[in-house]
Amino acid sequence: MKIAVCIKRVPVMDVRFRIAADGKSVDETGLKYDVNDFDLWAVEAALQLKEKTGDGEVVVFSLGPDAVQEQIRKALSMGADRGVQLKADRAPADPLSIAKALAAELKASQWDVVFFGKVAIDSADQSVGPMVAELLGLPCVSAISSLDIANGRGTAKRELESASEIVEFPLPVVLTVDEGLNKERLPNLKGIMAAKKKPLEVKPAQLDAGTVNVVAMELPAERAAGRIIGEGAAAVPELVRLLQTEAKVL
Amino acid sequence: MSSTAAKPSVPTAANEPHLANPDQNPSFTKGIFLGELREDLVFPFPAMSDADRESLRLVLDSFRSFAADTIDSKQIDHDGKFPDAVRAGMHELGMMGMNIPEEYGGFGASAQVFNRVFGEIGAADPALAVYFGAHQSIGCKGITLFGSEEQKRQWLPGCASGEIVAAFCLTEPGSGSDAQAMASTAVPSADGSSYALNGTKIWISNAGYAGVFTVFAKVPVTIDGKAKQRVTAFIVDAKSPGITLGQPEQKMGIKGSDTRTVTFENVEVPAANRLGEVGQGFKIALEILNSGRLGLAAASSRGTRRIMQEALAYAKQRQQFGRPIGSFEMIQQKIAANAAETYASDSAWMLTAGMVDRGGVDFSLETACCKIFASELAFRASNDALQIAGGIGYSKEYPYEQAVRDSRINLIFEGTNEILRALIALTALQQPGERLKALGKAFKDPLHSLGAIGSYVAGRARRQVTKPSFARVHAALKDEADAVAAIVHDLGLAVEGLLVKHGKAVIERQFLQMRLANAAIDIYMAVAVLSRTTWEIERAGSVDAAAAELDCARVFIPAAMRRARRAIRALRVNQDDRLKAIAERALENVDLAPPSPSDR
Ligand SMILES: Cc1cc2nc3c(=O)[nH]c(=O)nc-3n(C[C@H](O)[C@H](O)[C@H](O)COP(=O)(O)OP(=O)(O)OC[C@H]3O[C@@H](n4cnc5c(N)ncnc54)[C@H](O)[C@@H]3O)c2cc1C
């Protein structure tokens, strides 16, 4: 089984973001980065699939500057076999540009499954996976929350609003992974050591100029400060009243 | 197309014995007692390599995720033990092999990485840090440092996976600080194939889990026709018949850590399990502890940060007199003082870990300085955090009281802070004399012999007295650097004066030793701050960009130098005779002070 996983380096979200001087990008000073959560579940899915079938290869791809090697090595620490960096100064805003560059690279080999996360938590486009499927001419199942692959076919579950659907598909396939599919393994010390010796290839990304551009960025409006209505049981009626009339949540 | 693999880690000397050649390994802190500043030993600040930084980040991320899911420090404190999942998780992550060399199944972490991780574990749960540290900082470290190839192959892979937990057995009922007074014996069998080990070891961390013990015991030998006893180290399989464990000790803090008495009764230890040579045991114990202490320093620094973080969040949120208590300057004083000292403590353990990794440097006094400073800081800071929290600080529902209890142990184990102060003062005084006559001697215990003081004085008199100065400190810290250099000069002169005045009798003068050690600790911390802050300014690109670091440096160094100056002055001008009279009267009467007027 040959499995590709495409992962993205994203800022860790537990900070206050600032907009950079250009007014259309995030100020990166002081940010910490990690692998996009959904992509970690994609890596985990790939590793489980490889372990289940007992042979094959998991290859991790990431497009971006040299810093993405850190995220690739995290995936290698989890157990992926090798990594490929598609080198670019930065990941462009146009998801189609990214998809084309990834597809150009992925086309060079035969894959049984190409995994993506459902969404990158920073840019939230939800489109690179399906676009790559389109460009490769492969079926795509998005936002899967369970997966079973055997005998060249797969079954997956997709969570819908208050229902779920089970879909079947042939291989090769492009899958994008939703929350709940698995919990990713933690790289252990052995894995981290092994990762240092695994191949990590660097190639220039074949990026076009793209047609979608970010022109401005805004921060959400500041939330109003919380209010203490009172203490103890005496405050409950007023609290209920405000929740009904003001906050309109009851 | 190009191809890269991760840059290899900078090789670490963390797993090589260091003191084997004290004459050739320079020591920064020994130097300052001679009025010398070995700037080359402390500059540039040893920043972590990129490869180390990346591995560290991965290890910390994994540990933090694991800790968030699995470690409930309050519950562990309450239960007095770890849930199985905690130990299993540590083993699974590979943590037990963190500083065991790669070729024996470990991670081969540098001292910088190892101690940083030690700190993180300590911040998550101090008892778990003791589990981690007793195992590899001291438990199996002797095998790593001094084991033969076969011994390493036999034990280390199991230790690295956690399958074999290690413990370090030095302390006995009659032998705590005075380790050489141990009564345990290991008597060789007639054919020399094994030793019969007898004795009782107390306070043994990890005893209940142990698969292997590093045990120190005396072997009878005949030297020049005289029967003598020589401290020797052994690797003892915990499954050997004749070993019994006591019940877990009921402790004040680090309750989750398993601490017991271990009794050896005619335990047959194969001669192949002897660690090093007969008579090398004490040196082995000290070398293990020399590097092990750094873990306590790193864990104490990180623990300080963690408990103060709780207090900071509370100080922002708790309102009194219509404003957050954090806005009151008496609260801010506690915050700022602990911040500056944490800055110093972090600087010093990192600098020292860099020395451990570099090798060829004697860091025994530096690790002692770091351990003393950081352990006292963490205890004080926990207490300050508790005070900031007020009444809830005293409640078991909040983390403060546990932090006070947990942090207290670090002033006691791996050498009490008193013993380490004496070690710093006496080693430094003894060193020059030892240089002349120690060639033949493998090791001498500084607390038991201070012979060559006379030759030291002679040597010192001949030495050119040049004023020390710094050349590599950033210009923004010129005043601070000058102040430190001036104190080092004063210290050199003061030591000389002390030796001339007291001669060998200085061994008995612990009031003086304490001051010497305190001055040395403050100087070493200040030097670490100079080195680190210089590095921070260069890294940040400008003085302004390193304002937070400079503020800490500019608060810490003058305060430390005031303390050091006072300590050095008190070497000459003091009330020691009167202090001694008071203490001896109290000991005699077993009553602390003259009776209270209310009792007259
Ligand atoms: C929780 C815990 C875990 C431990 N784990 C281990 C372990 O894993 N392995 C192990 O071998 N040991 C372990 N120890 C033992 C620990 O290292 C000793 O308690 C410590 O070395 C002090 O020895 P002691 O308790 O006998 O105190 P003592 O040596 O009796 O000291 C009592 C007091 O006298 C002071 N003192 C003693 N001699 C001098 C002197 N010459 N000058 C000035 N002051 C002096 C000491 O500083 C101390 O304040 C542990 C202890 C504890 C509490």
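## Around the ligand

In chain B, strand E2 (165-169), strand E4 (194-205) and helix H13 (417-437) each put at least two residues into the shell around the ligand. Helices here are DSSP runs of H or I with at least four residues, strands are E runs of at least two, and both are numbered from the N terminus. This is a predicted model, where local features need pLDDT of at least 70, side-chain atom pairs count only at pLDDT 80 or more, and totals for chains, interfaces and linings use all residues. Residues are numbered from 1 along each chain as its sequence is written, while chains are lettered from A and ligands numbered from 1 in the order written.

There are 21 residues around the ligand, and Leu170(B), Gly176(B), Ser177(B), Thr416(B) and Glu418(B) come nearest. A residue counts as near if its C-beta atom, placed from the backbone, lies within 6 Å. By class, the shell has twelve nonpolar, seven polar and two charged residues (nonpolar is Ala, Val, Leu, Ile, Met, Phe, Trp, Tyr, Cys and Pro; charged is Asp, Glu, Lys and Arg; the others, Gly among them, are polar). The ligand lies between domain 1 (30-42 + 284-418) and domain 3 (166-283) of chain B, because both give residues to its shell. The domain bounds come from an automatic or database domain assignment.

## Where the chains meet

Here 21 residues of chain B are in contact with 18 residues of chain A, contact being C-beta atoms, placed from the backbone, within 7 Å. On the chain B side, strand E1 (2-4), helix H2 (50-70) and helix H4 (84-93) give two or more residues each. H2(B) has the largest share, with seven residues. That side of chain B splits into ten nonpolar, eight polar and three charged residues.

## H5 and its helix partners

The axes of H5(B) (residues 111-124) and H9(B) (residues 281-317) come within 7 Å and cross at roughly 45°. Axes are lines fitted to C-alpha atoms, for helices over the stretch in contact, with angles from 0 to 180 degrees between N-to-C directions. H5(B) and H9(B) are therefore oblique to each other (under 35 degrees is roughly parallel, over 145 roughly antiparallel, 65 to 115 roughly perpendicular, and the rest oblique).

H5(B) also meets H10(B) (residues 329-358): their axes come within 8 Å and cross at roughly 140°. That makes this pair oblique as well. Ala111(B), Gln112(B) and Asn115(B) of H5(B) make the contact, with H10(B) residues including Trp349(B) and Met350(B).

How values were computed: Contact = placed C-beta atoms within 7 Å.
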